[in-house]
Amino acid sequence: MTEPDTVPRRHVVLGRFAVVGVANTVIDIVLFMVLHDRIGIIGANFVSTSAGMTFSFVVNGLFTFRADRLTLRHAVLFLATTGLTMWLVQPLVIHGLLRLLDCLADGDLLVLVVKVLAIGVSFVLNFAAYRWVVWPTMGATADEAVSSDPRP
């Protein structure tokens, strides 16, 4: 049987992930929108997601999942999982949705909407990867020790 306060603690980890995700999304979208006309969707997505990934690695590792330090193992697993979602899945979602929705609208608004939807897909995939692959023990510790940790 689950303790009554276990579920809220897990929500705190997800909440921290969401806060980091909002900041990461701002970095990603601003860079993507500034660059997509200049260097194309693939190039802009690569640059914007790479900047966001760097921010995300540090802040999710230390803040969300409470790693004492970031290791080479964390970096390799993070790059592999995030690279897959950001550099393969996200461009596929973007291009697929652009083709699907092209008849409804075009231009920067459609590109922005499609990018935000692709980020939503990435959010779900990345949380699962970070929680159970990149920082599995840190995520479990963060779930259990949220109320005793003085960090926000």
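Accessible areas come from the Shrake-Rupley method with a 1.4 Å probe; for residues, only the protein chains shown count as cover.

This is a predicted model: local features need pLDDT of at least 70, side-chain atom pairs count only at pLDDT 80 or more, and totals for chains, interfaces and linings use all residues. Residues are numbered from 1 along each chain as its sequence is written, and side-chain values use heavy atoms, with hydrogens and water left out.

**View 1. The chain has 4 helices and 0 strands.** Along the sequence, the pattern reads α-α-α-α. Helices (H or I, at least four residues) and strands (E, at least two) are DSSP runs, numbered from the N terminus. Of the 152 residues, 38% are buried. Buried means under 20% relative accessible area, exposed over 50%, and partly exposed in between (1.4 Å probe, protein chains only). Among contacts with a separation of 6 or more, 76% join residues 24 or more positions apart. A contact means heavy atoms within 4.5 Å.

**View 2. Lys115 forms a salt bridge with Asp28.** The closest N and O atoms are 3.0 Å apart. This pair links distant parts of the chain: Lys115 is in helix 3, Asp28 is in helix 1, and 87 residues separate them. Both Lys115 and Asp28 are buried. The count comes to 1 salt bridge, defined as a side-chain nitrogen of Lys or Arg within 4 Å of a carboxyl oxygen of Asp or Glu.

**View 3. The largest pocket has a volume of about 180 Å³.** Its lining has 20 residues, and the closest to the pocket centre are Gly21, Asn24, Thr25, Phe123 and Asn126. Helix 1, helix 2 and helix 3 (108-134) each supply at least two lining residues. Helix 1 gives the most, with 12 residues. On a 1 Å grid over the protein atoms alone, a pocket is an open set of points where a 1.4 Å probe fits, with protein on both sides within 12 Å along at least five of seven lines; lining residues have an atom within 4 Å of a point. Grid points are joined across faces, edges and corners, and the volume is the space filled by probe spheres set on the points.

**View 4. Ile39, Phe46, Val47, Leu79 and Trp87 form a nonpolar surface patch.** Together they have about 440 Å² of accessible area. Helix 1 and helix 2 are the elements that give two or more residues to the patch. Helix 1 gives the most, with 3 residues. Leu79 lies in helix 2 and is partly exposed, at 47% relative accessibility. Patch residues have over 30% relative accessible area and no salt bridge; nonpolar side chains (Val, Leu, Ile, Met, Phe, Trp, Tyr) are joined within 5 Å.

**View 5. Arg66 has a positive phi of about 60° although it is not a glycine.** Most residues other than glycine have a negative phi. Arg66 lies in the loop between helix 1 (6-64) and helix 2 (72-101). Arg66 is buried, with a relative accessible area of 11%.

**View 6. Leu92 lies in helix 2.** Leu92 is exposed, with a relative accessible area of 57%. Leu92 and Ile42 are 50 residues apart in sequence. In space, their C-alpha atoms are 10.0 Å apart.

Terms used. Patches are made of residues with over 30% relative accessible area and no salt bridge: like charges are joined within 9 Å, nonpolar side chains (Val, Leu, Ile, Met, Phe, Trp, Tyr) within 5 Å.
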